[in-house]
Amino acid sequence: MVENQELRKAGLKVTLPRVKILQMLDGSNERHMSAEDVYKALMEAGEDVGLATVYRVLTQFEAAGLVVRHNFDGGHAVFELADGEHHDHMVCVDSGEVVEFFDPEIERRQREIVKEHGFELVDHNLVLYVRKAGGK
């Protein structure tokens with residue numbers, strides 16, 4: 001199983017809850033899921049994994065580099081599988097929808113600004129909070 005290999009590669013012991021949670025994240029249509037979203041999806045699939053276990057496993061996955069945690073809209077944490085590809089996010093303030101995007105010009109300007117101020121860019125996280133045009 002691919003999940004077992006991913007867990008071992010990340011230095012984690014293969015356990016049923018870890019495998020189920022990794023499968024859920026990988027197979028979901030939703031790329032950004034909260035711990036509660038993962039828990040509800042597991043319950044709907046008939047899996048017996050407790051909410052505390054989901055939180056603990058997601059924290060372990062984050063430490064191992066399998067997932068990335070984002071704190072959108074006032075600290076509500078969501079997780080996405082770490083695919084190694086950088087992207088930024090737009091979050092709709094009305095619906096909570098998360099849109100991923102990548103813009104080479106924004107990336108270039110960020111590097112220039114950092115250099116102009118005498119720094120070296122280590123990492124960054126750009127989140128734009130948006131609303132559908134014409135909506136309220």
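**A guided reading of the predicted model**

The largest nonpolar core has 20 residues, and those with the most contacts inside it are Ile21, Leu25, Val38, Val54 and Phe61. A nonpolar core here is a set of buried Ala, Val, Leu, Ile, Met, Phe, Trp, Tyr and Cys residues joined through side-chain atoms within 4.5 Å. Buried means under 20% relative accessible area, exposed means over 50%, and partly exposed lies in between (1.4 Å probe, protein chains only). At least two residues of this core come from each of helix H2 (16–27), helix H3 (35–44) and helix H4 (51–64). H2 gives the most, with five residues. Helices (H or I, at least four residues) and strands (E, at least two) are DSSP runs, numbered from the N terminus. In soluble globular proteins, nonpolar side chains tend to be buried together.

The structure is a predicted model, in which local features need pLDDT of at least 70 and side-chain atom pairs count only at pLDDT 80 or more, while totals for chains, interfaces and linings use all residues. Residues are numbered from 1 along each chain as its sequence is written, and side-chain values use heavy atoms, with hydrogens and water left out.

Leucine 25 is in contact (heavy atoms within 4.5 Å) with Met33, Val38, Leu58, Phe61, Val67 and Leu81, leaving aside neighbours within four places in sequence.

A second region is marked by a record. In an unreviewed entry, UniProt lists His86, Asp88, Glu107 and His124 under "binding site". These residues span 39 residues in sequence, yet no two of their C-alpha atoms are more than 10.0 Å apart, so they gather at one spot. UniProt positions follow the numbering used here, feature names are shortened, and annotations may be inferred rather than shown by experiment.

Aspartate 88 lies in strand E3 (residues 88–92) and is buried, with a relative accessible area of 0%. Not counting residues up to four places away in sequence, aspartate 88 touches Val99, Glu100, Phe101, Glu107, His124 and Leu126.

Histidine 124 is placed in the loop between helix H5 (104–116) and strand E5 (127–130). With residues up to four places away in sequence not counted, histidine 124 touches His86, Asp88, Glu107 and Gln110.

Aspartate 83 is found in the loop between strand E2 (76–81) and E3. At 43% relative accessibility, aspartate 83 counts as partly exposed. Aspartate 83 and valine 127 are 44 residues apart in sequence and 18 Å apart in space, C-alpha to C-alpha.
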